[in-house]
Amino acid sequence: IALTGYSCEEFLNEQPPSQTSDPEFWQSNSQANSGVGSIYDAMQDAYRDKHYLWGETRADNYIAAPLITQQEAEVLFNLITPSNAQATQWNDHYRMINRANLAIDRIPGIPSFDPNLLGEAHALRAYAYFDAVRVWGGVPLFSEPIQALNQELSRSRTDGETLLRELVVPDMLRAEELLTIPSREFRFSLAGIYCFQANVYIWLKDFESAKVALEKLEELNAFSLVT
C-alpha cells in the first residue's frame, strides 16, 4: 500500500514530456521563434473570416447570395446585434494580443535575442489593436501578459484614439527599429511595417507621416508598380 501511494504521488507530479512550463521556455531564439509563431497561429483564428465580415461584407460592393443567415444579413446591412457572436466577439483577438504581450515581455531576457522576433511581436500587437479600434472603437487595454484566468476579467474600455496614439503608433515605430529583414512573405518585415504605418497614419489623417512611410517602402527597392 505504501509503495502504491508513493508511486501515485510520483506519477501525478510528473511534468508532461510534451509540454514546457513558461519559466523553462523563452531561453533561446529557437524557442522565441516558436513563441512568435504562436501569435501568427492565433492570428489565423482572429482573422479567418473577420477581414470579410469587418470589411468588404459591410461595404456597398458586396452582393448577398440568395440564401444568407440572419447573422450575415446583420453584417451586410450594418444592423449588428450583440447576439451576433460571429461579428462581435473579440476573444480570438485578445488571445493574439496576449501571446504578443508574452513575447514582448520574455524575448528581451534571452541572451543575444534576435531583434526581428521582438519586432514582429510589437508589429502583431499593434496590428491587432488597430483593427480592434476600427471595429469596436474603445476596447480594454492589456499591455502585459495575463497569467491567471481570474486576473483582470473585467476591465473598462480605453478610448480608441488613446489606444492608437499611445500603443499602436509606439509599437509600430519600435517594430521599425527592430526589424532588419527588408521583405518576406507571410511574416512582418520592414516592407510590411512601412505599409502598416501608412495605413495607421492615413486613419489618423496624418498624411505627411503616411507619405514618409511609403517613401521608405519605395527606398527598399523590393517592389515595383505593375504595368
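Tutor: What follows goes through the salt bridges and then a tryptophan. Keep in mind that this is a predicted model.

A search of the whole structure finds 11 salt bridges.

Start with Asp-45 and Arg-48. They form a salt bridge, and their closest N and O atoms are 3.2 Å apart. How accessible is Asp-45? Its relative accessibility is 29%, so Asp-45 counts as partly exposed. Arg-48 has a relative accessible area of 55%. That value is over the 50% cut-off, so Arg-48 is exposed.

Next, look at helix α6, which spans residues 91-106. Arg-95 and Asp-92 both lie in this helix. They are 3 residues apart, about one turn of the helix. Arg-95 forms a salt bridge with Asp-92, with 2.7 Å between the closest N and O atoms. Arg-95 is partly exposed, at 35% relative accessible area. Asp-92 has a value of 21% and is partly exposed. The cut-off for buried is under 20%, which is why Asp-92 at 21% is not classed as buried.

The side chains of Glu-176 and Lys-216 meet in a salt bridge of 2.8 Å, N to O. Glu-176 lies in helix α8 (residues 160-178), and Lys-216 lies in helix α10 (residues 207-219), so the pair ties together parts that are 40 residues apart in sequence. Is Glu-176 buried or exposed? Glu-176 has a relative accessible area of 18%, so it is buried.

Trp-54 sits in helix α3, residues 50-54. Its relative accessible area is 13%, so Trp-54 is buried. Which residues does Trp-54 touch, leaving aside its neighbours within four places in sequence? Trp-54 is in contact with Ala-46, Tyr-47, Ala-87, His-93, Val-135 and Trp-136. Trp-54 and Val-135 are 81 residues apart along the chain, yet their C-alpha atoms are separated by 6.8 Å.

Methods: Residues are numbered from 1 along each chain as its sequence is written. This is a predicted model: local features need pLDDT of at least 70, side-chain atom pairs count only at pLDDT 80 or more; totals for chains, interfaces and linings use all residues. Side-chain values use heavy atoms; hydrogens and water are left out. Helices (H or I, at least four residues) and strands (E, at least two) are DSSP runs, numbered from the N terminus. Buried means under 20% relative accessible area, exposed over 50%, partly exposed in between (1.4 Å probe, protein chains only). Contact means heavy atoms within 4.5 Å. A salt bridge is a side-chain nitrogen of Lys or Arg within 4 Å of a carboxyl oxygen of Asp or Glu.
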